[in-house]
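Please view the model first and then read the points below, which are grouped by topic.

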There are 4 protein chains.
Amino acid sequence: MDKPYPPVYYSDYLQLDTLLSSQKLKSAEAGHPAHDEMLFIVIHQAYELWFKQILHEMGSVLDMFEKETVDEKNIGTAVWRLQRVVEIQKILIDQLRVLETMTPLDFLDFRDYLFPASGFQSVQFRLVEILFGLRAEQRLLYNQFAYHTRVSPEHQALLKRTEERTSLFDVVERWLERTPFLDLPDFRFWQFYRDAVNAMLLGDRDVVRSNATLTDLEKQVQLEELDATEVRFAAVFEADKHEELIQSGKRRLSHTATQAALFISLYRDQPILHMPHRLLSTLVDIDELFTTWRYRHALMVHRMIGTKIGTGGSSGFHYLKSTAENHRVWTDLIDLSTYLIPRAALPALRPDVEAQLGFRYGS
Amino acid sequence: MDKPYPPVYYSDYLQLDTLLSSQKLKSAEAGHPAHDEMLFIVIHQAYELWFKQILHEMGSVLDMFEKETVDEKNIGTAVWRLQRVVEIQKILIDQLRVLETMTPLDFLDFRDYLFPASGFQSVQFRLVEILFGLRAEQRLLYNQFAYHTRVSPEHQALLKRTEERTSLFDVVERWLERTPFLDLPDFRFWQFYRDAVNAMLLGDRDVVRSNATLTDLEKQVQLEELDATEVRFAAVFEADKHEELIQSGKRRLSHTATQAALFISLYRDQPILHMPHRLLSTLVDIDELFTTWRYRHALMVHRMIGTKIGTGGSSGFHYLKSTAENHRVWTDLIDLSTYLIPRAALPALRPDVEAQLGFRYGS
Amino acid sequence: MDKPYPPVYYSDYLQLDTLLSSQKLKSAEAGHPAHDEMLFIVIHQAYELWFKQILHEMGSVLDMFEKETVDEKNIGTAVWRLQRVVEIQKILIDQLRVLETMTPLDFLDFRDYLFPASGFQSVQFRLVEILFGLRAEQRLLYNQFAYHTRVSPEHQALLKRTEERTSLFDVVERWLERTPFLDLPDFRFWQFYRDAVNAMLLGDRDVVRSNATLTDLEKQVQLEELDATEVRFAAVFEADKHEELIQSGKRRLSHTATQAALFISLYRDQPILHMPHRLLSTLVDIDELFTTWRYRHALMVHRMIGTKIGTGGSSGFHYLKSTAENHRVWTDLIDLSTYLIPRAALPALRPDVEAQLGFRYGS
Amino acid sequence: MDKPYPPVYYSDYLQLDTLLSSQKLKSAEAGHPAHDEMLFIVIHQAYELWFKQILHEMGSVLDMFEKETVDEKNIGTAVWRLQRVVEIQKILIDQLRVLETMTPLDFLDFRDYLFPASGFQSVQFRLVEILFGLRAEQRLLYNQFAYHTRVSPEHQALLKRTEERTSLFDVVERWLERTPFLDLPDFRFWQFYRDAVNAMLLGDRDVVRSNATLTDLEKQVQLEELDATEVRFAAVFEADKHEELIQSGKRRLSHTATQAALFISLYRDQPILHMPHRLLSTLVDIDELFTTWRYRHALMVHRMIGTKIGTGGSSGFHYLKSTAENHRVWTDLIDLSTYLIPRAALPALRPDVEAQLGFRYGS
């Protein structure tokens, strides 16, 4: 199609005739129009519009990272789009404040008419979770039922198909595994790192033992925690220990990918790692914001319906609250903080490695 | 309709099939799909959904206040619904951050396809402004054209019809004019108040004259401001001076309504005035938030398209920036602060008046 | 002191010389200045300033409500000040985003120098919790230690003294207990209400049984929930059942106060109940925002230090996450939603009761 | 200093004894304690703490960029720190909502005691403006007086000294001027770009002329705007035209720096330009947020004191509103949007240039 393009009218472009006539109040149908049902519909429609946008962004990043070789140009674009998801998530959370201007008594004016519809049936939100990397087996049961039993057969099929695709988690894991610099000949980075860690833990033990402000019991508690830390550290260096953690469900990210993510976090000041570091911290942002959203959503539900069953037949509050924690995707990245050591204790990069990590922008 | 009501499915209830298929990218139609056009459509649709909700809330408050006698029960409901508008406005403002994740270069990827569509053509936003109280004659011209010349004939007719209805401004003005306590026999409130004001201004002049840290020039500037303040105060007490200000366009709210609003602001601690005071301050909140929204919107447009013409043919930034200030509705209420005097200088209420303003809730 | 008051200089008034020289970096003292330690100090100082303000507001409301008869004028002021607390809490939550611009690696640059200081030692935040109504016995242990063992003896004494004072919870409970209209002669409100509840539950059971979209198992689950709901309802009507719930730790608010709060929620449209209803919902807002703050704070700590011990020797994340739920104060008010019935099913108020709940503001 | 470091107590570390005793109410001194004066002090102190933090961040970025050769590693750190400024600015803006919980009448309870102190005297905010790049000659007069006449002689001297230093604007301008790739031998980028621009403008004129929905008058208006656009474009290509704009005050950024910024905006997808592009857009974010802050601050002042003179003797609202626009620093970057052309019309980079802009991260 060539210029001049046909003139466009704002209202037609946005399909406002359709959009603005898609709010049908069940309470009005039943002959008892409830003022606040309009808000209930509009806000859920706004949520669904934003879910569509999140799917659009995540899907595009997935496409870029599914390639055998990820084009370096795309890292910048991916970060930008994931940061857009972050901004949208802030809106999702803040919108809860709007919903909370509806009091529980106002909700009761139309709640019965909606039975058994429930936000639980938002297929798009499930798709967002799946694309981001939530695994089917990770999901909590909801009143003894799997999450997809409450949606239509078509929607069930769609969810199952999407679960079989690769997720953002998968493609980022593979991209991390391909990170160079992890295993250069004669560059025994992980051995140096392990020595630095051991030195640090020894120092920490001394600090605890000589801390006059602690009681013996307090010292014991803290020393035990340091022991536990040492055990956790071992898995960073030994692939088989890491594999055990994966088998027992305590880890998900592969050993190689974990080491790569740790390397990026430690040397993120190297020019070539600026954007990879951004990418990882943006994934953590998104994970944290979904967790916050789930938790805030649970609080809102508690406030709105107490501990009665929800429109979908759930005691929603307790269920939702549990998902906040259990449906996280990137805890492995968040837990990385446990394995960082201070810059001052970091092994220096070998000059030839550092050269590969830098570039000269200025002339 | 009686229980049990027919079962409702979330996706049908929200008409998601329609809603989520209402995003047609013009860039895709033209054969050059631009990733960010989806955001552009989705965010504008989200805006329009929220405008619909604001119209729903404002319309319902208008209905309550259009009655000859406003039911006292409804004041609480009105405040609650207007505060919901406030919460929605915060979302409208925050959504601009999402839009700003689209860079100017990304916008250029599809901007040409949208010509001459423009947010300027949002009929719902015009309706919100009209319902809130913006008068047609107050609107700034846009590239020499009135605002309604850019919308379809049907939309023009709808806007004109709405302009002829009463607005929130009108009904609240009339409600204020009916406020009791302003003119009780033998209660010469405004005379007492005027005396208190004069005493205060005399004191302020003394403070300026004796302020050793000010230069003579600074003192002169400040004394002139106090003179101007005195002149402005006169209009509070003299209906004909107030009328002059109305004629010259410096005021809009009637003299009686202005005095009522001032009375409510001064004695808002009296139980019976708690909610009326909330109502007035919520209207000021809404006005302030629309002003903020217009200004932030102008900044966003500046950033997105610089000083080039917009999709609707406007140099939107300068126009939008001017509307921020010129399209305010409740400046009369905001300016009331100019006429407040400290509680300590306030005339005491006559006991019989105070009794009428109170009630006993506790046993 | 009389006018003119001595001239005031902005910088002196705010004691900026002191304020802005109160940031001493431990890392600088140790000879290794860490850029981000400034942020760490400044943000914690900003938090402490806001805690001081919250104490100021809560303390003033406590004073008003400690009186034998709460002056009706003060309800408006109390709501206003508690809503200010709400606005401050939003800042507390949003500030976490600023803190999260410090990466875990940046934190490590100075973390060791701070040992064993910890936000856990914020005495003001403990005071806020106590004033709001958190009971000492409700607090979770922290690595097997009570919360006050980590602060100085003077601070311990201050905390204990404050724990012995009345809290906002106590005074609001007593104010609710004095609510009139609950026990008028010949007005058997609670009997009518109980009948309405029973009718509603019967209807709900019918809806479940006749819902063709549910499997037998799903029906059974939902019917069991309705049985549980009925049991919970009984406590609303029977003081001894309510007392049992209090004894078992499932309730805290007295039976009379609970009934009053329910009455206010149900008839909040009556003019005289507008402000009491606002008061209750603002307390719920504050409780919800503290819960959100604790949870978000826990997520931030997780991200910053992983599962290592915190500067105060705690595995802070798990502890903080648990407090989010366990340190709530007003769950009894939130749970009220469970006991609301739709307006349409509400018993009509007797005309003489309604007359007492109304007032005429308009002439 | 070596481990173990002396134990640190939270309250001592933050100097809370000092911090929390730095709120002295003038109203209390005068014998009429005003509840809300505490908020007034606390919020201004919170502002000053954040200003200190902003100075800390901006100062550190200035240091990095003042070097003859900016270390590439530092670009990432600079962006990170400037994005922290962005997050702080959001808090500055949101805090206004807290201040607005103080009503004008509450402010009057203590306003007289503060005379002539004024937020206008915040030396730190002036320093922030100067460091960011606001020039002394750009500042609007305030009641006919220059901004620094209202502060103490020591503060005046400090401001003048800082004005004589280089600002963030200066160092970023110089860094941009050193951008490579702008003038490679035989790579006539700007000639290609100019041709592309001319083709685009020709097309736009055709679209206007053939747009059947426009009246003749509307077409004329739009064609005149396109003419003006063409004139503005000329300055991008011709250094002397650009110099004229600088002389007339319409531009500030040098011609070379402007071309570099445009180049970065156009080719920001090239790996090596990812971070430079972030840097520029973060500077625009900061500028936009200061502008928003000033405008919101003006609205708050309007609401709080109407059009009376402020505590510092100003009719603050109108002055503050004007500074929102006039005190912008990076309008040249924002105006760049005017000179972008769609990616599809961009000249392709010569392969050897593109190679220099890329790097290979993956193995």
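**Briefing on the predicted model**

In chain C, helices α14(C) and α15(C) are roughly antiparallel to each other, because their axes cross at roughly 170 degrees and angles over 145 count as roughly antiparallel. The model is a predicted one.

**Helix α14 and helix α15 of chain C**

- Helix α14 of chain C covers residues 274–305 and helix α15 of chain C covers residues 316–326.
- The axes of these two helices come within 8 Å.
- On the α14(C) side, the residues that meet α15(C) are Thr291(C), Arg294(C), Tyr295(C), His297(C), Ala298(C), Val301(C), His302(C) and Ile305(C).
- Their partners in α15(C) are Gly316(C), Phe317(C), Leu320(C), Lys321(C), Thr323(C) and Ala324(C).
- Sorted by class, the contact of α14(C) with α15(C) comprises seven nonpolar, five polar and two charged residues.

**Helix α5 and helix α14 of chain C**

- Helix α5 of chain C, residues 72–99, has an axis that comes within 9 Å of the axis of α14(C), and the two cross at roughly 15 degrees.
- Angles under 35 degrees count as roughly parallel, and α5(C) and α14(C) are therefore roughly parallel to each other.
- The crossing of α5(C) and α14(C) is left-handed.
- The contact of α5(C) with α14(C) draws on 19 nonpolar, six polar and three charged residues.

**Chain A**

- Chain A contains 17 helices and zero strands.
- Its C-alpha trace spans about 75 × 70 × 35 Å along the principal axes.
- Chain A has 363 residues, of which 46% count as buried.
- Among the contacts in chain A with a separation of 6 or more, 79% join residues 24 or more positions apart.
- Ala348(A) lies in the loop between α16 (331–335) and α17 (351–357) of chain A.
- Ala348(A) counts as exposed because 8 other C-beta atoms lie within 10 Å, and the cut-off for an exposed residue is 12 or fewer.
- Ala348(A) is 28 residues from Leu320(A) in sequence, and their C-alpha atoms are 46 Å apart in space.

**Contact of chain B with chain A**

- This contact brings together 57 residues of chain B and 59 residues of chain A.
- On the chain B side, α1 (10–13), α2 (16–19), α4 (37–66) and α5 (72–99) each supply at least two residues.
- Helix α4(B) gives the most to that side, with 14 residues.
- By class, the side of chain B that touches chain A has 29 nonpolar, 19 polar and nine charged residues.

**Contact of chain D with chain B**

- Chain D and chain B contribute 46 residues each to their contact.
- The helices of chain D that each supply at least two residues of the side touching chain B are α6 (104–114), α11 (216–237), α13 (255–266), α14 (274–305) and α16 (331–335).
- Helix α14(D) gives the most to this side, with eleven residues.
- By class, the side of chain D that touches chain B has 20 nonpolar, 17 polar and nine charged residues.

**Relation of chain D to chain B**

- Chain D is superposed on chain B by a rotation of 180 degrees with 0.0 Å of shift along its axis, at an RMSD of 0.0 Å.
- That is the relation of a two-fold axis.
- Of the interface residues of chain D, 100% are also interface residues in chain B, so the copies meet through the same surface.

Note on methods: Residues numbered from 1 in each chain as written. Chains lettered and ligands numbered in written order. Predicted model: local features only at pLDDT ≥ 70, side-chain atom pairs only at ≥ 80, totals over all residues. Least-squares fit on C-alpha atoms with pLDDT ≥ 70 in both. Contact = placed C-beta atoms within 7 Å. Axes fitted to C-alpha atoms, helices over the stretch in contact; angles between N-to-C directions. Helix = DSSP H or I, 4+ residues; strand = E, 2+ residues; numbered from the N terminus. Parallel < 35°, antiparallel > 145°, perpendicular 65-115°, else oblique. Nonpolar A, V, L, I, M, F, W, Y, C, P; charged D, E, K, R; others polar. Left-handed = near helix turned anticlockwise from the far one by under 90°. Buried ≥ 20, exposed ≤ 12 C-beta atoms within 10 Å, placed from the backbone.
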